[in-house]
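This note is written for a colleague who is meeting the structure for the first time. Please read the points below alongside the sequence and the model.

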Amino acid sequence: MSYRDTIMNLRALFCAALICALVTVLPPSAAFAQEAAEPVCIQCHSQLPEKYSRPVTLWRGSIHAENGIYCNGCHGGDPKDAANAMNPTRGFLGAPKEIAIPAFCGRCHVGVMKDYLASAHGRMLGKGGPTCVTCHGNHLVEKALLGLINEKSCSRCHSFERARLIHDAMKETEAMIVAIDGRIGAFKKIGTDTDKLEKELFAVRNRFHTLFHNVDVELVKRESTQIQADLKKIQVVLDKLDDSHRKRRISGAAAVSFMLLIALALHLLRKTFD
Amino acid sequence: MSLIKKVVDWIDVRIGVREVVEKELTGYLLPRNINVWYSMGSILLFAFVLQVVTGMLLLIHYVPDADKAFKSVTFIMNDVPFGWLIRMCHAVGSNLMVVVLLFHMLSVLFMGSYKKPREMNWVTGFILLSMVQGISLTGYLLPWSQLSFWATTVATNSANAIPVVGPHLVEFLRGSPLVGPPTLGRFFALHVAVIPAGIAALIGAHLFFLKRTGVSTPPFGQKETANQWQGEVYSYEQHPGGIPFFPDFALEDLRSIAIFMAIFLAVVFFDPYLFFTKDSFIPANPFVTPAHIKPEWYFLANYQTLKIFPNELIGLSLQGAAMTFLALLPFIDRGPERHPLKRPLFLACAIGGLLLWIGLSVWGHLS
């Protein structure tokens, strides 16, 4: 075999090895172009006339969408099989009648349903009283915040006078919950273990939400004070986390400065050898 | 006679250590016009060691089990003393290693140091780049977060685009039809054993080739910038009158490493989340698909290329062709000239290619 042949063979060997290596490396790097598939309900309804696509549009802005609760979460059916997506044998329920709405939502929101049924609103179920969707919305389900108690919404059925008193009594607590929730969310986004804090806030928030359907102003005020005390305990833990992050940044500044000083010293030392 | 001298004498009479120091450090001469870009290799070596050390420390508490992986990473981040620091160093280090690796390759490219007789240096370096990408990809799955799970799902799924063997390859990569515990097992093995061993071996080969060919002279500030090697007999590129590696260039290397460390620590302490998304801290859930899954920044150009072409196989083939071209560059670009300004065609192609890569990456990020 001549020298030229040897070189040619070596080149071919290199090419083959490289192509094998590239085939191994490239597909994973390239594959990210795919995006997550949505349930067939959304895929199909999005293409239909407005009457049928509107629920999808509304749902996209809902708290359900934010938490990954898709159509089948409430309406049942098979979200992966277009042909049987609305087949009752696959658990499809469709839209509930008005009187059945609390039970429909209450499959997940068990405690809230209990509070609602015990409230003045719940006692009027089927007699012209509001259901869950009257205040919380239909498809565009809103997060249960105090803003839901507002003059425009409440005045549709009765005067806002008592509702305003309740609203004002709960305002400060609501603001604390929102602020704490935001702080926990921010810590969670950076890998802090917020499980315990989230559970504590969840319990406190649930207690707070039970007041939403209550019309006893004094009870609401008393409970709000107790809830605020519990929220302050969570704030203390969050303050400690903030402090720890502040200390980390100070240590970081010291470490970075130290490295820059070393770099400068090495640079000057190198100059002495010129 | 000091104690140190006694110890050195004791060793010297046994293994001739002074001769080694003279040959490999103080007598190892480098070109007088050597520049800071020649320190990139040393920074990379340092970064690799840093990755190995932090990786070993993470291994103490990490559990490669689908049910426990996320919890173990959360434990490291929150309960292990300085665990957050070790993990962030590992994560930030992997990203900065790619940055330095790209700088290293670009400097070699623009200074024409890949040209004969240094083809093997280039090829081993290119394979090292692929392996670093591979180790980053396999490491991505280990925290078993939403990002890990879904990024690996779509990444492995892409192999489906390969005709005939695609579906079998996907199952082989995953170890099961879907990403699951077997995938974590094999990715863990690849990440902590197979690929690091491969990288270490290739670094060895890369340094061996460097030692055998000698350090290339930068083409800047020289009258004659053409490659002098004729390709007939082996010859070591010597630099008579050059600067010694120790202490002169070793100090420059250390200074570059210190600057790298300052940047690295600034990212670790002030914005380590630069390389994380919120899905990185949510446990993997096969039933909840995040809306948009994007790869690490250095794969964004590949990601966008695939989105441009309607057929995934075309996108893959095009990328494969571009990568193969780059890998085989020393065998294609055989002209003797090394100065970038005396190679206008090369310069136009290199800058155009670089801008295209940056443009596609930015587009991928914003899309």
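Predicted model: local features only at pLDDT ≥ 70, side-chain atom pairs only at ≥ 80, totals over all residues.

1. Beyond its neighbours within four places in sequence, B:Ile43 contacts B:Val100, B:Ser256, B:Ile257 and B:Phe260. As general background, nonpolar side chains tend to be buried together in soluble globular proteins.

2. Overall form of chain B. The secondary structure of chain B consists of 14 helices and two strands. Along the principal axes, its C-alpha atoms fill a box of roughly 65 × 60 × 35 Å. Is the chain compact or extended by its radius of gyration? A compact globule of 367 residues would have a radius of gyration near 21 Å, and the 23 Å of chain B agrees with this.

3. Packing of chain B. Of the 367 residues in chain B, 40% are buried. Among contacts with a separation of 6 or more, 77% are between residues 24 or more positions apart.

4. Cis peptide bonds in chain B. B:Lys116 and B:Pro117 are joined by a cis peptide bond with omega of about 10 degrees. B:Pro117 belongs to the loop between α5 (83-110) and α6 (119-141) of chain B. Another cis peptide bond links B:Phe246 to B:Pro247, with omega of about 5 degrees. B:Pro247 is located in helix α10 (residues 245-270) of chain B.

5. Positive phi angles. Although B:Trp144 is not a glycine, its phi is positive, at about 55 degrees. B:Trp144 is placed in the loop between α6 and α7 (146-157) of chain B, and it counts as buried because it has 24 C-beta neighbours inside 10 Å, where 20 or more are required. In chain A, A:His139 is likewise not a glycine and has a positive phi of about 70 degrees. A:His139 sits in the loop between α9 (132-136) and α10 (151-154) of chain A. Because A:His139 has 18 C-beta neighbours inside 10 Å, it counts as partly exposed.

6. A buried loop residue in chain A. A:Leu211 lies in the loop between α12 (195-210) and α13 of chain A. Is A:Leu211 buried or exposed? With 22 C-beta neighbours inside 10 Å, A:Leu211 counts as buried. The C-alpha atom of A:Leu211 is 8.7 Å from that of A:Ser224, which is 13 residues away along the chain.

7. Domains of chain A. Chain A is divided into domain 1 (36-94), domain 2 (97-141) and domain 3 (162-248). The C-alpha centres of domain 1 and domain 2 of chain A are 21 Å apart.

8. Confidence in chain A. The mean pLDDT of chain A is 85, with 86% of its residues reaching 70 or more. Among its elements, helix α13 (residues 217-271) of chain A has the highest mean pLDDT (96), whereas helix α1 (residues 3-30) of chain A has the lowest (43). The pLDDT is below 50 over residues 6-36 of chain A, a stretch that has 63 contacts in the model beyond near neighbours in sequence.

Methods. Residues numbered from 1 in each chain as written. Chains lettered and ligands numbered in written order. Helix = DSSP H or I, 4+ residues; strand = E, 2+ residues; numbered from the N terminus. Rg over C-alpha atoms; globule rule 2.2 N^0.38 Å. Buried ≥ 20, exposed ≤ 12 C-beta atoms within 10 Å, placed from the backbone. Contact = placed C-beta atoms within 7 Å. Domains from an automatic or database assignment. pLDDT = per-residue confidence, 0-100.
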